[in-house]
Amino acid sequence: MNNIVFLIMRRMRLPLLTLVAVYAITVLGMTLIPGQDADGNVWYMDIFHAFYFVSFMSTTIGFGEIPYPFSDAQRLWVTFSIYVTVIAWLYAIGTIISLLQDKTFQRAVAERLFARKVRQMREPFYLVCGYGETGQTLVRAFTERGQHVVVLDCDEERIAMIQLQDLRDYVPALAADARHPLHLQEAGLPHPACAGVVAVTDDNLINLKIAITSKLLHPNIKVICRADSRDVEDNMASFGTDEIVDPFETFARYLVLALQMPCLYLLQRWVGGERGAALEEPVYPPAEGRWLVCGYGRFGKAMVARLAREGIEFTVVEARPDITGEPPPGYVLGRGTEARTLREAGIDEAVGLIAGTDDDANNLSIVMTARELRPDLFVILRQNQSENRDLVHAVSADMVMQPSAIIAERIRVLLATPMLSRFFSLAAHRENDWACELVARLIALLGDQVPLVRELEVDARHADALLRRLEEGEPVCLGEVLRDPWTRERSLCCMALMVERRGERILVPGDDFRLAAGDHLLLVGQESAFTRLAWNLGHDAALDYVRTGQPAPQGWLWRRLTRGSR
């Protein structure tokens, strides 16, 4: 508010002083020039009437000469006053219009309105810093789940896009530099309803500054940052950043998981995917043989490190080792877009290819050239820009690495269903056959679309009826509540992946698992199944019906009649 007042006073100071001076001079002249009253006596206009006359005269309304007809001297002064006041008003109005069009003033007003809207928010929200491809994917995912979001981005065009996008919820957004603590505070960092800060700009240092500011101004808030530099990651971790997402290291872990446990990798892609999307096909990257890694940038380094750790042979193809750094011994100098370079790297004996440069055109060219030489080659393609989705799809790569999509998916899982991350951490210690069996159950249960994942706590808010039965000492099994309240012989299209109970975690509990108050359940299924499950957990009649097949009598009269007939 102070900035707006300062801008107005600075820009309008001279026009206002001009208006005051013009009015003072014209009013003074009207009071000094003599006139005549109705009897022919000399008459002088008082200050009130002079100010009144100049006010409507300067606006060219023209009410007439008051209170008596003017003398020639007065009319001459009025003529002069008309031109002077009109020019003064045109000058003032022009300055006002110029002020309203001033970018600084518009930003100050927008900042003021934005801060007010954020202060008025009463439900939990996430502060997303950066509205690039990752930020847009996150915001859409949050709003589709009914979660509120506030956005900061320094690009005004990106902020303007928010108003044009078909989002399910209104998203307050401000074009501002998130590095400045003032803008983070205006965006709701100290707000009691702020549930977390997500820094996903394309600059590591900006994300680092956001993380530091967030932890200093709000130590207990959850902070998740994007980083693709080891030094920045270590710096973020040193002051307690909750989660640091490196898209290149994350995809490298995905590849290792696909190599070692393809079914668990497939399960992770299905359960952690975007809701409503088609289920991905299984992939089986070769675990033996030589791989070609084209591009030794940040992604290439991460992939090489993982392949070396798994004992897999590889050859690096890099055109500018003076910029990226010296690759491991045996590398080939070149871009990989030429058949000669790929043959020199040993494509004839290779089993897999990673096109991992930071240029989509080069990556597409590498894949097309490699497929001409070796149609059976397993191909991993790095996609840098989302607008190239159709081109990437056309080359039919076996695996696609898109940094923004990986970051958005990881953050969405961490914030929306944190139990899912803990589930996969435990599942990684199981056998691949266990994961394959779970995948088969999901296919039979869910169909061909990415299912809905929900966390549920057995408490008075989410499971009132169930909690009453447990407090009365009645045993209630998981399989009983996962029945259809319309037809109890049919199970709901959902299943429990994990139950957490006082620090203990049970993976894929059976139907005979007995529930307890305070249990946290990780469920996967169809949306209609969760609607009916909520009915079972919150209504006594529905719960009694799915457990016993007999609905409990509802209402005082019906209970009395039922009791009398027994």
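**Exercise 1. The second largest cavity**

How many nonpolar, polar and charged residues does the lining of the second largest cavity have?

*Solution.* The model examined here is predicted. Begin with the volume: the second largest cavity has about 40 Å³. Next, list its lining, which consists of Leu-456, Val-458, Leu-466, Val-481, Leu-515, Leu-521, Leu-533 and Leu-537. Finally, sort these residues by class: the lining has 8 nonpolar, no polar and no charged residues.

**Exercise 2. The largest cavity**

Determine how much space the largest cavity holds, and describe its lining.

*Solution.* The count of cavities of 30 Å³ or more comes to 2. In the largest cavity lies about 230 Å³ of space. Its lining is made up of 17 residues, and those nearest the centre are Arg-145, Gly-273, Glu-274, Arg-275 and Arg-412. Turning to secondary structure, α5, α17 and β15 each give two or more residues to this lining. By class, the lining of the largest cavity divides into 8 nonpolar, 3 polar and 6 charged residues.

**Exercise 3. The largest pocket**

Identify the residues closest to the centre of the largest pocket and the elements that supply its lining.

*Solution.* The volume of the largest pocket is about 1400 Å³. It is lined by 39 residues, of which Arg-269, Glu-280, Val-400, Gln-402 and Ala-405 are the closest to the centre. The elements that each supply at least two lining residues are α5 (133-144), α10 (247-260), α11 (262-271), α16 (389-395), β14 (399-401) and α17 (403-416). Sorting the lining of the largest pocket by class gives 18 nonpolar, 10 polar and 11 charged residues.

**Exercise 4. The second largest pocket**

Describe the second largest pocket by its volume, its lining and the classes of its residues.

*Solution.* The second largest pocket contains about 730 Å³ of space. There are 22 residues in its lining, and Arg-145, Arg-454, Glu-455, Leu-456 and His-462 lie nearest the centre. Two or more residues of this lining come from each of β15 (452-457), β18 (520-525) and α22 (527-538). The class division for the second largest pocket is 8 nonpolar, 5 polar and 9 charged.

**Exercise 5. The crossing of α2 and α3**

Classify the crossing of helices α2 and α3, and list the residues that form the contact.

*Solution.* First, take the geometry: the axes of α2 (residues 47-58) and α3 (residues 72-101) come within 9 Å and cross at roughly 60°. Because of this angle, α2 is oblique to α3. The crossing is right-handed. On the α2 side the contact is made by Phe-53, Val-54, Met-57 and Ser-58, and on the α3 side by Val-78, Ser-81, Ile-82, Thr-85, Val-86 and Trp-89. By class, this contact has 7 nonpolar, 3 polar and no charged residues.

Key:
Residues numbered from 1 in each chain as written. Predicted model: local features only at pLDDT ≥ 70, side-chain atom pairs only at ≥ 80, totals over all residues. Heavy atoms only, no water. 1 Å grid on protein atoms, 1.4 Å probe; cavity = no way out; pocket = protein on both sides within 12 Å on 5 of 7 lines; lining within 4 Å. Points joined across faces, edges and corners; volume = space filled by probe spheres on them. Helix = DSSP H or I, 4+ residues; strand = E, 2+ residues; numbered from the N terminus. Nonpolar A, V, L, I, M, F, W, Y, C, P; charged D, E, K, R; others polar. Axes fitted to C-alpha atoms, helices over the stretch in contact; angles between N-to-C directions. Parallel < 35°, antiparallel > 145°, perpendicular 65-115°, else oblique. Left-handed = near helix turned anticlockwise from the far one by under 90°. Contact = heavy atoms within 4.5 Å.
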